Amino acid sequence: MFTLPALPFDKTALAPVIDANTIDFHYGKHHQTYVDKLNGLIADSGFKDWILEDIITTADGPIFNNAAQLWNHSFYRNCLRAPQENNMPSETLLHAIIAQRWTWDAFKELFSASALANFGSGWTRLVKNAEWQLEIMNTSNAWCPLTTGATPLLTIDIWEHAYYLQYQNRRAEYIEKRWTIVHWDFVGKCHSELP
Ligand code: MN
């Protein structure tokens, strides 16, 4: 049986960028539903008692979708913290970004433009690929980076349920304001870990 991981911040902590009402629905309803559906689907399947990561890399269909979304949302929440002024990554991560031939501003613009252009429901991520290069990638629906050799570093949920209660159709505003609540310590930790 899987359980909903604890919220890594107070539900009011991300305001005004993401308000408590959005978190109540996104975490309390959507994330919880992925947990509940997954538990129901695996109860009488061969995946009962498997760890989440192994289900994600083995299952397909509804079991994959709910397992991957459980993992994707837990990762997404770890990428967030209370709004910070001048919110920047560590020197090490900044150097890695610059080594990719991006300036800091160019990196943010590219990531934001990718998230804005990601059609429909999905996720935009910064990953470290198998060649240890940083890469910005758009994926659809429940796709999960655990199914590849890429190490996820930073993600933004661009399913409408992530922002619509507060921003309605203003996805660009949600993407832009999100930069102030990126938890760069968590992103840096993911970047420094060996695969
Ligand atoms: Mn979501």
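How many salt bridges does a search of the whole structure find? The search finds five, a salt bridge being a side-chain nitrogen of Lys or Arg within 4 Å of a carboxyl oxygen of Asp or Glu. Before selecting anything, bear in mind that this is a predicted model, in which local features need pLDDT of at least 70 and side-chain atom pairs count only at pLDDT 80 or more, whereas totals for chains, interfaces and linings use all residues. Residues are numbered from 1 along each chain as its sequence is written, and side-chain values use heavy atoms, with hydrogens and water left out.

Select Lys11 and Asp24 to begin with, whose side chains meet in a salt bridge at 3.1 Å, N to O. Lys11 lies in the segment before H1 and Asp24 in helix H1, so the pair ties together parts that are 13 residues apart in sequence; helices (H or I, at least four residues) and strands (E, at least two) are DSSP runs, numbered from the N terminus.

Phi of Asp49 is near 75 degrees, a positive value in a residue other than glycine. As background to these two stops, most residues other than glycine have a negative phi, and most peptide bonds are trans.

Now colour residues 20-78 as domain 1 and residues 91-192 as domain 2, bounds that come from an automatic or database domain assignment. The centres of the two domains, taken over C-alpha atoms, are separated by 21 Å. Contact (heavy atoms within 4.5 Å) involves 19 residues of domain 1 and 25 residues of domain 2. Between them the domains bury about 1,700 Å², 71% of it on carbon and sulfur atoms, where buried area is the accessible area (1.4 Å probe) that two parts lose on being put together, summed over both. In domain 1, select Thr22, Phe75 and Tyr76, which lose the most area to domain 2, together 34% of what that side buries.

Across this interface the rule finds zero salt bridges. The elements that give two or more residues to the side of domain 1 that touches domain 2 are helix H1 (20-42), helix H2 (52-58) and helix H3 (61-78), and H3 supplies the largest share, ten residues.

For the last stop, turn to the aromatic pairs, which number 14; rings of Phe, Tyr and Trp (its six-membered ring) pair if their centres lie within 6.5 Å, with planes under 30 degrees apart counted as stacked, over 60 as edge-to-face and the rest as tilted. Select Tyr76 and Trp123, whose ring centres are 5.9 Å apart with planes at 70 degrees, so the pair is edge-to-face. Tyr76 lies in helix H3 and Trp123 in strand S1 (residues 122-128), so the pair ties together parts that are 47 residues apart in sequence.
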